[in-house]
Amino acid sequence: SGPDQVNFPVLSAQGVIAVDLDSAVSLYEKNADLLLFPASTTKIATALVALDYYSPDQVLEIKKIDVEGQKMKLVNGEQISVENLLYGLLMFSANDAAEVLAQNYPGGRKSFIQAMNLEAEQLNLENTHFTDPTGLGSDEHISTARDMLWLTSVAMKNSRFAQIVATKKRIARSKSGKIVHHLSNINELLGNVEGVLGVKTGWTESARENLITYVERDNKKILIVLLGSQDRFGETKELIEWIFSRYSWQNLTP
């Protein structure tokens, strides 16, 4: 049965979509095709390109990285595994991790960004264009709630990706063991809202607050994308509770 229109959630987010993954039925949409800034949700694409190319135990050496914002504080000359960089990238949204993965790619950073855009093209994300691996972004670095939803649904099929985004805390060590990075997941819903198993936060001044959320509850798998919100955690929580209280699933499958 469909949703109760009376208590439709009122969200500040500029672009929203929620989908039942098993049936591909859309449960809620608001400007799902509006061009918006993905901010750090970009790192889902960064992770997919990195997972595709590197092996998790491959060790990369940190060379001078000049990047703003959130960092796991990688040290010049440090040697660290790709797996630890991916934890930093996805759990802690580390911009330095994103840049290291990009600069060590064959052809360097520019080729890595090309690979991100090629991936978007292959997934038919027609409204998505990346200009960097972090999501710090330019005006040309854009996506939509719908595009980010499909990108994330592909990422969640990768068991390594799914495992990382569901992790609350991790100690990432350099190869020597001497340098230690204490990583905590900045997704406030993880461990606090029933069934939330990831996925990714995002914030810049121009993008406002972004959050992509995967929820597994009562054997239902729901993916939610909120872009341009003023309260990403509160609004996503509200949307989750609304979906599970308003929808009954018996009619979705033939």
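This report looks at one helix pair and several salt bridges in a predicted model.

## Two crossing helices

Let's start with helix α1 (residues 43-53) and helix α4 (residues 108-122), whose axes come within 9 Å and cross at roughly 105°. That angle makes α1 roughly perpendicular to α4.

Who does the touching? On the α1 side you'll find A45, T46, L48, V49 and A50, and they meet F112, A115, M116 and E119 of α4. Sort the residues of this contact by type and you get seven nonpolar, one polar and one charged.

## Salt bridges across the chain

Side chains of opposite charge can pair when their charged atoms come close. This structure holds seven salt bridges.

One of them joins E29 to R146, with the closest N and O atoms 3.0 Å apart. E29 sits in strand β2 (residues 25-30) and R146 in helix α5 (residues 145-155), so the pair links parts of the chain 117 residues apart. Both ends are partly exposed: E29 has a relative accessible area of 37%, and R146 has 24%. D33 joins in too, as E29, D33 and R146 are linked in a network of salt bridges.

Another salt bridge brings E83 and R160 together, at 3.0 Å from N to O. Here helix α2 (residues 82-91) supplies E83 and helix α6 (residues 159-165) supplies R160, 77 residues apart.

## A buried partner and an exposed one

E194 and R217 also form a salt bridge, at 3.7 Å from N to O. E194 lies in the loop between β6 (180-184) and β7 (196-204), while R217 belongs to strand β8 (residues 208-217), so the pair ties together parts 23 residues apart in sequence.

Which partner is buried and which is exposed? E194 counts as exposed at 53% relative accessibility, whereas R217 is buried, with a relative accessible area of 8%.

Note on methods
Residues are numbered from 1 along each chain as its sequence is written. This is a predicted model: local features need pLDDT of at least 70, side-chain atom pairs count only at pLDDT 80 or more; totals for chains, interfaces and linings use all residues. Side-chain values use heavy atoms; hydrogens and water are left out. Axes are lines fitted to C-alpha atoms, for helices over the stretch in contact, and angles run from 0 to 180 degrees between N-to-C directions. Helices (H or I, at least four residues) and strands (E, at least two) are DSSP runs, numbered from the N terminus. Angles under 35 degrees count as roughly parallel, over 145 as roughly antiparallel, 65 to 115 as roughly perpendicular and the rest as oblique. Contact means heavy atoms within 4.5 Å. Ala, Val, Leu, Ile, Met, Phe, Trp, Tyr, Cys and Pro count as nonpolar, Asp, Glu, Lys and Arg as charged, and the others, Gly among them, as polar. A salt bridge is a side-chain nitrogen of Lys or Arg within 4 Å of a carboxyl oxygen of Asp or Glu. Buried means under 20% relative accessible area, exposed over 50%, partly exposed in between (1.4 Å probe, protein chains only).
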